[in-house]
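Reader: I have a protein model open and want to learn how its parts pack. Can we go through it step by step?

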Amino acid sequence: MTDTQLLERADADPWTFLWIQTLDDALLTAVALLFGRFRYPGSWWALGLRPVGPRWWLIGAAGGGLAAILAWLTGVGLEQWGTPVPPHPIETLLARAQSPRDLALVLLAVTVPVAIGEELFFRGYAYRLLRARLGVAVAVGGSALLFAVVHGLEPGAWLPVLPVGLVFALLAELSGSLLPGMLGHAVVNTLAVLVG
């Protein structure tokens, strides 16, 4: 994905952005599913692909709202302390969106493939591997930190994402499933796109 013309097109064209995002998160999904099935934990059920009741869907949605608030508060705190939150690359795409269809494509891109791919990798595979080897506390913190730093190495980029990762790791631990976190992830990303 180093073709600069393709990446520039993704900054302006929602369809291109959707396809790049889908391919990117399909890779995360494939890694998580393959390693989760054949290395650890040995089954997709143990990876967290198990159903939950309606109560956990509500908790997942509420967790997404809480995570969005915590990310926003962290960003506000960083701004107050003189550490700016860098603009997210998606802001360029949103600024160039021409129609409700463009906005819908961006929302689709950041809610479905991102929520599935990132939750499978960070809370499915990475969290469960850390949990098995180092315990729940290290798994919650470690998977959240890993999740945060892949969003950017500047403190203003990763610190607001850290509480989001913590909330989703706790959802995975308490529910035993990735589904509430996937829904929560979709809620966070939807709020980020619509509210900013």
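Reader: Which residues does Gly36 touch, not counting residues up to four places away in sequence?
Author: This is a predicted model. Gly36 lies in helix H2. Leaving out residues up to four places away in sequence, Gly36 touches Val31, Pro41, Gly42, Ser43, Leu47 and Tyr125.

Reader: Is Gly36 buried or exposed?
Author: Under 20% relative accessible area counts as buried. The relative accessible area of Gly36 is 0%, so Gly36 is buried.

Reader: How far apart are the C-alpha atoms of Gly36 and Pro163?
Author: Along the chain, Gly36 and Pro163 are 127 residues apart.

Reader: Is the peptide bond from Tyr40 to Pro41 cis or trans?
Author: Pro41 is one of the residues that Gly36 touches. Pro41 lies in the loop between H2 and helix H3 (44–47). Omega for the bond from Tyr40 to Pro41 is near 10°, and the bond is cis.

Reader: How do H2 and H6 run, roughly parallel or roughly antiparallel?
Author: The axes of H2 and H6 come within 8 Å and cross at roughly 15°. Angles under 35 degrees count as roughly parallel. H2 and H6 are therefore roughly parallel.

Reader: What is the make-up, by class, of the contact of H2 with H6?
Author: The crossing of these two helices, H2 and H6, is left-handed. Sorted by class, the residues in the contact of H2 with H6 are 21 nonpolar, five polar and four charged.

Reader: With which residues is Phe121 in contact, leaving aside its neighbours within four places in sequence?
Author: Contact needs heavy atoms within 4.5 Å. Neighbours of Phe121 within four places in sequence are set aside. What remains for Phe121 is Leu28, Val31, Ala32 and Ala126.

Reader: Which residues touch the most other members of the largest nonpolar core?
Author: The largest nonpolar core has 24 residues. Those that touch the most other members are Ala67, Leu120, Phe121, Val164, Phe168 and Val188.

Reader: Which element gives the largest share of this core?
Author: The elements that give two or more residues to this core are helix H2 (14–38), helix H4 (54–80), helix H6 (100–134), H7, H9 and helix H10 (179–194). The largest share is five residues, and the element that gives it is H9.

Reader: How many residues are in the second, separate core?
Author: Its members include Ile90, Leu107, Val110 and Val193. This second, separate core has a total of twelve residues.

Reader: Are H7 and H9 roughly perpendicular or oblique to each other?
Author: The axes of helix H7 (residues 136–149) and helix H9 (residues 162–175) come within 8 Å and cross at roughly 140°. Roughly antiparallel needs an angle over 145, and roughly perpendicular needs 65 to 115. H7 and H9 are therefore oblique.

Reader: Is the crossing of H7 and H9 left-handed or right-handed?
Author: Residues of H7 meet residues of H9, with Val136 and Phe147 among them on the H7 side and Leu162 and Glu173 among them on the H9 side. By class, this contact has eleven nonpolar, three polar and one charged residues. H7 passes H9 in a crossing that is right-handed.

Reader: With which residues is Gly64 in contact, leaving aside its neighbours within four places in sequence?
Author: Gly64 lies in helix H4. Its relative accessible area is 0%, so Gly64 is buried. Beyond its neighbours within four places in sequence, Gly64 is in contact with Phe168, Gly184, Val187 and Val188.

Definitions and conventions: Residues numbered from 1 in each chain as written. Predicted model: local features only at pLDDT ≥ 70, side-chain atom pairs only at ≥ 80, totals over all residues. Heavy atoms only, no water. Axes fitted to C-alpha atoms, helices over the stretch in contact; angles between N-to-C directions. Helix = DSSP H or I, 4+ residues; strand = E, 2+ residues; numbered from the N terminus. Left-handed = near helix turned anticlockwise from the far one by under 90°. Nonpolar A, V, L, I, M, F, W, Y, C, P; charged D, E, K, R; others polar. Core = buried A, V, L, I, M, F, W, Y, C linked by side-chain atoms within 4.5 Å. Buried < 20%, exposed > 50% of the residue type's maximum accessible area, 1.4 Å probe, protein only.
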